[in-house]
Amino acid sequence: MSSQTVFRLNLGTGLEGLQAFKETIPIPSKDEILIKIRSVALNYRDVAIATSSYPLPVKDNVILCSDMAGEVIQIGDHVKEFAIGDRVIAPINVSFLYGQCRDHSQTFGGQTDGMLREYIALPAHAIIKLPKSAHSFEDWAAVIGTGSTVWNAFYGNTLLKPGDTVLVLGTGGVSITALIFAKAAGATVIVTSSSDTKLEYVKSKFGADYTINYKTHPNWSAEVLRITNGDGVNHIIENGGAGTMQQSLESVTAGGMISIIGFLSNVSQDEMPDVTMLALKKACVVRGILGGSKQQLEEAVKVMATRDLSIPVYKTFAFTREDIIAGLNYVASGQHIGKVCIKLD
Ligand SMILES: NC(=O)c1ccc[n+]([C@@H]2O[C@H](COP(=O)([O-])OP(=O)(O)OC[C@H]3O[C@@H](n4cnc5c(N)ncnc54)[C@H](OP(=O)(O)O)[C@@H]3O)[C@@H](O)[C@H]2O)c1
């Protein structure tokens with residue numbers, strides 16, 4: 001066996017531009033390990049890249065997706081810390097090991113080939129060996145992009161503390177991961193969604209403390225202030241971007257933190273609030289987040305293993321072109337709560 005199936009994206013042709021190719025299975029160099037990929041988690045980013053709405057550069061014919069879990073099947077001569085059969089994950093970018101992301105061109109599935117393939121050779125120093133636990137490959141794939149990003153938001157600057165109040169916008173991968181990690185840290189969590197059914201689900205299943213439907217409460221920051229007795233929240237997982245920033249700035253407490261993560265609700269620059277004046281009045285931190293490092297992902301993996309936490313995988317699709325496109329369309333439709341994965345047999 002020397003060839004594998006990979007899925008590359010012909011840019012500018014939408015999800016239908018995803019095509020299967022037969023390519024050579026790489027041979028690991030002395031410092032690399034060869035990984036057989038067992039699960040790939042999808043992200044909204046993959047949909048945005050395929051539909052040409054991603055704000056950062058992307059190369060044509062990129063192998064899509066950034067998040068995979070798999071097992072080691074071959075080891076370079078200089079690699080001592082891995083054994084055949086080890087279960088592993090990679091961070092979203094092998095140059096982003098700690099600190100801040102300085103070179104996003106190396107983030108998988110954008111300008112660097114990603115994970116929609118059967119095998120990948122990667123530098124051993126960047127790889128995380130997974131702890132022994134009952135988690136499946138899907139469970140581990142599901143924590144990579146969103147888990148490291150949320151960890152960066154909560155612990156990369158002003159630290160989240162027990163007793164803090166966290167506001168998460170929406171019920172997708174980033175939001176549910178934030179809900180689970182914030183509850184594990186002893187925070188009170190408010191979740192917003194366009195759907196009452198989803199809100200009931202996140203309350204009963206994942207222990208959201210308060211919920212707000214942002215469709216029936218378009219002025220949802222008033223609800224946040226009502227729930228927090230006028231104080232506002234300590235930490236906001238900002239998934240909307242330009243279109244939700246005004247209300248996030250109204251929802252944050254004095255000195256609180258807004259982690260700018262998503263760009264799901266775009267408005268033109270003329271409709272943008274005066275962020276400088278609003279942030280000044282709240283003395284708050286408005287912090288852009290660009291993924292999370294290997295170190296942050298390792299900390300997220302540790303809490304999953306020691307506290308037996310899982311990021312919910314709502315639906316799983318097969319490793320065929322038809323199914324992968326159906327999976328990306330499913331993510332684009334926003335029906336899911338948490339993550340969507342591709343399973344490789
Ligand atoms: N900066 C980074 O490093 C980074 C890392 C990961 C993701 N992201 C970005 O973060 C965003 C979320 O990613 P994801 O993978 O979690 O996406 P996802 O799984 O597709 O979740 C999207 C969810 O966001 C909610 N939503 C949409 N518009 C909203 C609005 N106006 N207000 C509040 N919620 C809204 C919806 O929840 P309901 O259905 O409940 O309404 C939707 O289901 C995307 O823009 C993604 O590109 C950025």
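Which polar side-chain atom lies 2.5 Å from an oxygen atom of the ligand? One in Ser 193.

Before I go on, the ground rules. This is a predicted model, where local features need pLDDT of at least 70, side-chain atom pairs count only at pLDDT 80 or more, and totals for chains, interfaces and linings use all residues. Residues are numbered from 1 along each chain as its sequence is written, and side-chain values use heavy atoms, with hydrogens and water left out.

Back to the ligand. There are 26 residues around it, meaning a heavy atom within 4 Å. Thr 171, Ser 193, Tyr 214, Ile 289 and Gly 291 come nearest. The backbone takes part too. A backbone N or O atom of Gly 291 lies 2.6 Å from a ligand oxygen. For a polar backbone atom of Gly 173, the distance to a ligand oxygen is 2.9 Å. On its own, the ligand has 930 Å² of accessible area (Shrake-Rupley method, 1.4 Å probe). The protein covers 87% of that.

Now the domains. Domain 1 is 3-142 + 312-343, and domain 2 is 148-288. Those bounds come from an automatic or database domain assignment. The C-alpha centres of the two lie 28 Å apart.

How many residues of domain 1 are in contact with domain 2? It is 13, against 13 residues of domain 2, with contact meaning heavy atoms within 4.5 Å. Together the domains bury about 1,000 Å², the accessible area (1.4 Å probe) lost on being put together, summed over both. Of this, 69% is on carbon and sulfur atoms. In domain 1, Tyr 44, Pro 312 and Ile 337 lose the most area to domain 2. Together they make up 45% of what that side buries.

Notes. Buried area is the accessible area (1.4 Å probe) that two parts lose on being put together, summed over both. A polar contact is a pair of N or O atoms within 3.5 Å; within protein, one must be able to donate a hydrogen and the other to accept it, and residues adjacent in sequence count only if both atoms are side-chain atoms.
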